[in-house]
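Keep the viewer open as you read.

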Amino acid sequence: MNVKPPALAKAWLAWIVPSADREVLLGDLAEEFASRVSRDGERAARRWYWRQVRRSTAPTLVERLRPGSRSSSRSPLIGARRDLRDAVRTLRAAPSFTLVAVAILAFATGAGTAIYSVVDAVVFRGLPLAHADRLVAIEGLSNGELSGSAPLDFLAWRADQTVFDAVATSFDPTSVARETADRQARRLRVTAVTADLFRVLGVQPQIGRVFTRDNEIEANRHVVLLSDTFWREQFGADPSVIGHALHLEGGVREIVGVMPPGFTYPLDAPPMDLWVPMVLNADDRSDRNGNRLMDSSLRVIARLKSTVTLAQAQSRLTQLAAVEAREHPEWFPRGGTDTAVPLKTAIVGPVIRVWMLVLLGAVGCVLLIACVNLANLFLARATVRAHELGIRAALGASRWQLARGLLVETLLLAAIGTGCGVVIAFVSVNGLRALLPPGLFRADSIAVNVRVLLASVGAALTTGMAIGVAPAITGTRAHVTEALREGGRGGTSSVGRQRLRTGLVIAELTLAVPLVVGAGLFLFSFAHLMAIDVGVDYHHVLALDVTPKLTPGPRPLRPKDPMASLTVSPDQARAAADLAEMADRARALPGVMSAAAIDAGLPLSGMEFSGGFTLPGVAEDAPIRISHVTREYPMTLRLPLLRGRLFSPAEDRAGGAPVVLLNVAAVERFFQGRNPLGAAVGIQGGRTVIGIVGNMRVGGPESSVRPEAYLPMGSAGIRYGYLVVRTAERPLALRGPLSAIVSAVAPDAKPGSIESLDETFSHLIAERRLSMLLFALFGVLAMAIAAVGVYGVVSYLVEQRTKEIGVRMALGATPGRILKELLGHFAWVLGAGVTLGLLAAWSLARFIAAFLFEVPAHAVGVYAAVSTVVVLSGLFATLLPARRAAKVDPLVALRAE
Amino acid sequence: MTAQDALGEFEQALLLAIVHLGEGAYGVAIRQEIEHRTGRDIAVGALYTSLGRLERKGYVRATTSDPTPDRGGRSKRYFTLRPSGVAALKQARVRHDRMWAGLSPDLRRTRS
């Protein structure tokens, strides 16, 4: 009978037992095992063997770990500890190598994970809805710009049941206050939606019911759906809230349902608290004269039937539009198309998507450079180590021992690097989240993606092992004599390796140049943006949204005669007076330098009212931006008065003389060299032009300059209003006192947002600033790493040729000549890298063209500047080690020989 | 001999087993001898670490035999006592006896 002892137990024991004892110990066990098999049977014998192994483990390990124990030096365990100690020692002996390698690894895992996490959250991850691939948004396109849809179109799509399971729409979210004693309570976010929205999204309420189409008419609209968060916070998750009343400003609503946790709509807005039914009045479909309402502010989404493709849905939309255009040609003055796009695309937008992918590409590029450089570093090190390994092999170290040492070294390096990388990932994701443009889809849910983090750490460790094993295999191959010879002096076989390293440096430069070009383009673009004058001084200005409470009435109709004045409802006139009163009171506050009011066209808000401008013989109802302002407005915003005068107090009062201020653009457009002052024009009635003010960009630096007219607020009425205040110091400190003034003057006015225009401006440029910062960062990193690569290769070459240089200098070569020769040698490396890089940059630039502001993607100046920078830093990296070579003392060099 | 070098109980058992076994004192035999006499089942790991320690102290001499086929072709290690080992055992016995002197086996004092 030939029964063998349990293999695993035997292997374990063989591993932990000192090699000196291994033979006899295993022999003893085998002998006794055999006798026990024949005496007690196999099972009992195996059990006995296992027990022996188990009980032998502790004493064996304890003995081996004891210092001074004879067996300790030969144990693989102790060996690992010693390998680790040796590795730490070796890495500490080459601090610059270690530092660079760790930095590169840390950056690779950290930055790579951070950027990928962001892009994954925003772009890659699907929508959290059932069958989200069948959800589409229907976007209107008028005058080449994306817009919402008109009520009529929505109704037509909903009635047509050929391609969609369900069609729904919503208004933009607004805010509403609860009627409570607590005035400080936060305003609730609410969105009006049509009943089918929940069918489109495929979402059921957790309790109660959703809306029905019956709720879409005025009489039945007083119902509300709660979000899970609101229900938990305000009602303690009480299931009996269904049927209860919720008192909101503007009326009481019955709670009909509670949506499930995590649900919100619109998906790209902050989480909503409430949803109310959207009322589609019959008269919303057309105005009184039967004209189609062109109010296109609806966001329409639909669920495709499972058998219908996006293309089929699109062609049906086109068909419907064609029918409508044939029946009502007067509704399509300029023509337009409706496009069905996947909901995800509609939310994230192709621009953001490309931007994110560009970002990912840039990070990938930097990572690639980092890896190439790392390979280069290790290659250089392997050459240096070949000598040392050769000596150790000659002294009797086995190939396994050498390989193990190298492996432990690389793994240690990889572990430290990725450890730092994990920290970098967490820090930079938080940093990025703060820098991202506001309103970015799912920006709140951006967090370090643990899967990605693990993957990058795993990749780094695997790469580390692969890189570590390579020199272990080539380096420990027992070409001892060769290694000794080559390490001793610059042998011929290192030429191949040198060529490889030069190639890697060229690759690094080729990769780095496009990033530096990108950084340059974004920098120029941002500088352009910042150099643009918005037209007003928005620093230290606070804007309070004070929308008056107006009794609902018919919308004022534009009179047919442009010279006739607009009818002003008493409500609107009172609102204007209130706003002027608030400005007067605000002016008295300490810290306020000046205060004024404006209805629409607040700088940087992007919100504007268009009206008609008539100048007999020149323009008939031409579009012009109209703002009603109090007389202090130009001074408060430092809108320069170029000619003429501002409103007098009498003109800024009800019944005052009708006057108007025009901006330069309006004068250039309509007066063409004639004197505008004193001219009679028609803007909401006949008016006299009394002054000319500067141009202002209402949507921030990127918006265009348009003709503008400023009308005195006191003699008009307003439907919206902003109180604007210039402060001496920090504007937000005045938040409290200003809110108090608003409540005192108009207790029923909606207290809206209070923002400092400085903040508004920084939000406006946030995206461009982020692009610029990130690309600047990537460019600098790429260039720095590439320069380190150049430096490494040159200094290695110099080291190799020290003796040769010494001999030549002894024979009369001047240091200058040596320097020139080395620089000349590397000039072609730099040249090749930069040329290839410029070609790559030129062909890649079109991807970022969309993100540049007034800088062409192929701006030759930027390319030239970047080439200069790259060549100069490359030369600098060459110069440092080359100078060392030129300073070689011939005596020292020759003595080494 | 200092107190630190005093033999532990397990070491005494090992040395005594070697004496009992004479020529044939190798791992399996020592293990079985101790088990036979005291009922203690000793782990081979503990056996060899202790014997290694005794060898380093110079109490025992180890010699390795030629490989034998009945053990899967592995060799045996035979142990014999060195003079210092003998002395240490005797010393242990003397200390042991001195502590027991004046006591009966059931721990009654036989003289004060």
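Let's begin with burial: a residue is buried if 20 or more other C-beta atoms lie within 10 Å of its own, exposed if 12 or fewer, and partly exposed in between, with C-beta atoms placed from the backbone. The model is a predicted one, in which local features need pLDDT of at least 70 and side-chain atom pairs count only at pLDDT 80 or more, while totals for chains, interfaces and linings use all residues. Residues are numbered from 1 along each chain as its sequence is written, and chains are lettered from A and ligands numbered from 1 in the order in which they are written.

Chain A holds 25 helices and 23 strands; here helices (H or I, at least four residues) and strands (E, at least two) are DSSP runs, numbered from the N terminus. For contacts, the rule is that two residues touch if their C-beta atoms, placed from the backbone, lie within 7 Å. Among the contacts in chain A with a separation of 6 or more, 83% are between residues 24 or more positions apart.

Now zoom in on strand 18 of chain A, residues 659–663. This strand is mostly covered, with five of its five residues buried. Val659(A), Leu661(A) and Asn663(A) point one way, Val660(A) and Leu662(A) point the other way, and all are buried. What does strand 18 of chain A pair with? Two strands pair if DSSP finds at least two bridges between them. Strand 18 of chain A runs parallel to strand 20 (residues 686–693) of chain A, and five bridges join them; in that pairing, Val660(A) stands opposite Val689(A). With strand 21 (residues 708–712) of chain A, strand 18 pairs in the antiparallel sense over two bridges, and there Leu662(A) has Ala709(A) as its bridge partner.

Strand 10 of chain A also has both faces covered: Leu274(A) and Val276(A) lie on one side, Trp275(A) and Pro277(A) on the other, and all are buried. Strand 5 (residues 188–193) of chain A pairs with strand 10 in the parallel sense over four bridges, with Thr191(A) and Trp275(A) as bridge partners. Strand 7 (residues 223–226) of chain A runs antiparallel to strand 10, joined by two bridges, and Leu226(A) stands opposite Leu274(A).

Next come some backbone details. Most residues other than glycine have a negative phi, and most peptide bonds are trans. Against that background, look at Gln684(A), which has a positive phi of about 50° although it is not a glycine. Gln684(A) sits in the loop between strand 19 (680–682) and strand 20 of chain A. Is Gln684(A) buried or exposed? Gln684(A) counts as buried because it has 23 C-beta neighbours inside 10 Å. Ala237(A) also has a positive phi, near 55°, and lies in the loop between helix 8 (228–235) and strand 8 (245–248) of chain A. With 13 C-beta neighbours inside 10 Å, Ala237(A) counts as partly exposed. A cis peptide bond, with omega about 0°, joins Tyr265(A) and Pro266(A). Pro266(A) is in the loop between strand 9 (251–258) and strand 10 of chain A.

Finally, turn to the contact between the chains, which takes 19 residues from chain A and 17 residues from chain B. On the side of chain A that touches chain B, helix 2 (19–40) and helix 3 (42–65) of chain A each give two or more residues. The largest share, eleven residues, comes from helix 2 of chain A. Which residues of helix 2 of chain A meet helix 3 of chain B? Asp21(A), Leu25(A), Asp28(A) and Leu29(A) meet Val44(B), Tyr48(B) and Gly52(B).

Helix 2 of chain A and helix 3 (residues 44–57) of chain B pack at an angle of about 140°, and their axes are 10 Å apart. Axes are lines fitted to C-alpha atoms, for helices over the stretch in contact, and angles run from 0 to 180 degrees between N-to-C directions. That angle makes helix 2 of chain A oblique to helix 3 of chain B, given that angles under 35 degrees count as roughly parallel, over 145 as roughly antiparallel, 65 to 115 as roughly perpendicular and the rest as oblique.
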